[in-house]
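Here is a short tour of how two protein chains meet. Have the structure open beside you as you read.

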Amino acid sequence: MTALLITVFAPLTGALILPLVRSLRLAGWLNLGFCATSLAGSVWLALQIMDAGELTGNGFHIDAFNIYLVVLTAFVGLTTAIFSRPYMTHICREGRVSARRMRLYHSMFQGFMFTMLLALTTNNLGVLWVAVEGATLATVLLVSLYRTPESVEAAWKYFILCGVGIALALFGTVLVYFAAQQALTDSSEGLRWTTLYAEAGRLHPMVMAIAFVFLLVGYGTKVGLVPLHHWLPDAHSEGPTPISALLSGLLLNVALYAVVRFKMLVDGALAATDKAAIAGHLMMGFGLLSFLVAGLFLYRQRDIKRMFGYSSIEHMGLMTFAFGLGGPLATFAGLLHMLVHSLTKSAIFITVGHATHIAGTQSIDHIRGLIRTQPAVGWGLLLGVVAIAGFPPFGIFTSEFLLLMATMQRWPWLTMILVLGLVMAFAGLFRHLHPMVYGKIPEGQQPVTANMLPVMLHLGLVFCLGIAIPAFLARWLDQATFLISGSHLL
Amino acid sequence: MNLTHLTLLEQAVFVLAALVLFLSFSLLAQARLLAGIHIFAWQGGVLALATGLIAATSDEPHLFISAALTFGLKALTIPWMLHRLVRRLELERHADPLQHPALVMMAGAALVIFSYWVVAPIEQLELAGIRNILSISLAVVLLGLLIMVTRRQAVTQVIGFMSMENGLFLAAVAATQGMPLVVELGIAFDVLVAAVLFGVFFLHISESIDSLNVDRLNRLSTREDDGV
């Protein structure tokens, strides 16, 4: 329990202390320190879970499904903090952000980490909602950090769309609580996930089905599912780059995690009725639509961060589809994809941060010749995009391959659409990538000081996961697969 | 459902719920900003009263806390903050009329029918009263959404957003005797922070586009259209 408290509350302490720190240098290091503490706590927690299997109490619940996401979240938080320290110092020196706003930045960075970790570890569905809404509130001022008209517009859109979405999710949560009160004797337990999961068969199926529609639309807005995705590319392109990395790598995952937790309850409640798979079918539909639409939009992007924002929508669509498909194989693929996508996408955004720093713009047309100007950044971007496009031997290839196999078994004709979408996304990304990496160097383009350690770490991990999944992780993923789909894969 | 079987207090709750819905409609029709803020405050007050009545009929003492919280937040603090902002931005005389009032009101009525249709399958639970309140609160949520869609003013959009929150609160209180206290406090905190942030945004938006007409926030969408 101590490990859990360190993991979750180190960032909260950071969020409260950092506004008081005036020195930018010190704040950057403190930000890193709090993230490192949180990661250390999560690793300690993971070791405990490896022995105990799961941990429940004091309103928290840790099982195989969320422990790997907790470690992942803390890890991406730390590497992003490593990137953010010199990057934001540079931004501040350029005069785009005042020193006061940097204090807001660091405080909200930690506040965001706190809400993410709280959402993952809590056992209470109401607290889950509060935490996800808190994540919106923490990041909305970060998206508009530069105070340009564009960034204010992006932040307003983000605020309104996610606010409305999350309000619908609250309505869904109220309905779930209502169903629980009818079924359970002790109604104060009605939002406790573990209780609900154990008693899922007794929940009123019709109420749960209606609730799931609201929950999927609500949390789906945060996942970035089409047609509720409009905030995502804007927020990714206008916010500071470390925040884009956090949004893509963590927030989308946590929102999807919430959807899947609810799907587990709804599946249990509907198991005995004739509409048993309705939650899965809804997720498949939304997922496939997002996957295809985002793939198409990749072509016409001119802003590099917008482009990768659309790529995130595409991958979140794929994961939603995987969880909707259900069955052990697809669920395993979805869980693995959450992990490798998050690592790869945050690595890409960090590289993009350096690339835009070199070129002095986010416009794809003006980023040229990266590999000759600064080989580390050029290769980082190239390898990152190769990984995200699903090439072997990277981990995304593994998860996409597993998903294609699962689709082949259950819905053979959908495999065609999936392959088509993957090819489309691949072509869309490489069309833009090639000139950026290899093109002619514009005059006067100079290399910058870039710390590529986070990128190498992330891509190295994704590479290793593509070759072989370590035994403990495979066991966790398998255990989580069992929890979600009802049967083991391994 | 036979209303006469219910106690007087329960019937009063129904009346108040209907009043909340009515106030949502008047928000939808109201063009002037200040009048809109006042209606919103009234809606918060009615909601707090309904919560208080439910607290009195059921033995859930923590509902009194949420009633007080709702009154303080939705009927006093947030309207006061909005009021102050409107005065600061000199928008007192500003009106944000609807484009097609008749059409919008028809759409609002359709949304109410739709909400009853969505909740209808819960029939077999023999909880007709709760079903009614769930339909009303869903209708208030959807009307809030409609307000946000049809208005151009950032302030009216926020009022729509907050009245959505009212609908959610009505559902939570009437159908489930309120969420557990810790959740309720968390939600109240989130709403308060959201209200403060909205205030900050009004200032940023009016700085960057010299008005609060969010239709003019379109740089990013035009940029997307330019891309080939």
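A salt bridge is a side-chain nitrogen of Lys or Arg within 4 Å of a carboxyl oxygen of Asp or Glu. In this predicted model, the count of such pairs between chain B and chain A is zero. Polar contacts do occur there: two residue pairs, both at pLDDT 80 or more.

What does each helix of chain B bring to this meeting? At least two residues of the side of chain B that touches chain A come from each of α5, α6, α7 and α8 of chain B, and α7(B) gives the most, with 14 residues. By type, that side of chain B divides into 35 nonpolar, eleven polar and seven charged residues.

The overall figures for the interface are these:

| Item | Value |
|---|---|
| Residues of chain B in contact with chain A | 53 residues |
| Residues of chain A in contact with chain B | 52 residues |
| Area buried between chain B and chain A | about 4,600 Å² |
| Part of that area from carbon and sulfur atoms | 75% |

Now look at one helix pair. Two packed helices are described by the angle between their axes and the distance between the axes. For α6(A) and α6(B), the angle is about 10 degrees and the axes lie 9 Å apart. Angles under 35 degrees count as roughly parallel, so α6(A) and α6(B) are roughly parallel to each other.

Among the residues that meet here are Trp156(A), Leu170(A) and Phe178(A) in α6(A), and Phe161(B), Met164(B) and Leu168(B) in α6(B). The residues of this helix contact divide into 17 nonpolar, four polar and one charged.

Notes
Residues are numbered from 1 along each chain as its sequence is written. Chains are lettered from A and ligands numbered from 1 in the order in which they are written. This is a predicted model: local features need pLDDT of at least 70, side-chain atom pairs count only at pLDDT 80 or more; totals for chains, interfaces and linings use all residues. Side-chain values use heavy atoms; hydrogens and water are left out. Contact means heavy atoms within 4.5 Å. Buried area is the accessible area (1.4 Å probe) that two parts lose on being put together, summed over both. A polar contact is a pair of N or O atoms within 3.5 Å; within protein, one must be able to donate a hydrogen and the other to accept it, and residues adjacent in sequence count only if both atoms are side-chain atoms. Helices (H or I, at least four residues) and strands (E, at least two) are DSSP runs, numbered from the N terminus. Ala, Val, Leu, Ile, Met, Phe, Trp, Tyr, Cys and Pro count as nonpolar, Asp, Glu, Lys and Arg as charged, and the others, Gly among them, as polar. Axes are lines fitted to C-alpha atoms, for helices over the stretch in contact, and angles run from 0 to 180 degrees between N-to-C directions. Angles under 35 degrees count as roughly parallel, over 145 as roughly antiparallel, 65 to 115 as roughly perpendicular and the rest as oblique.
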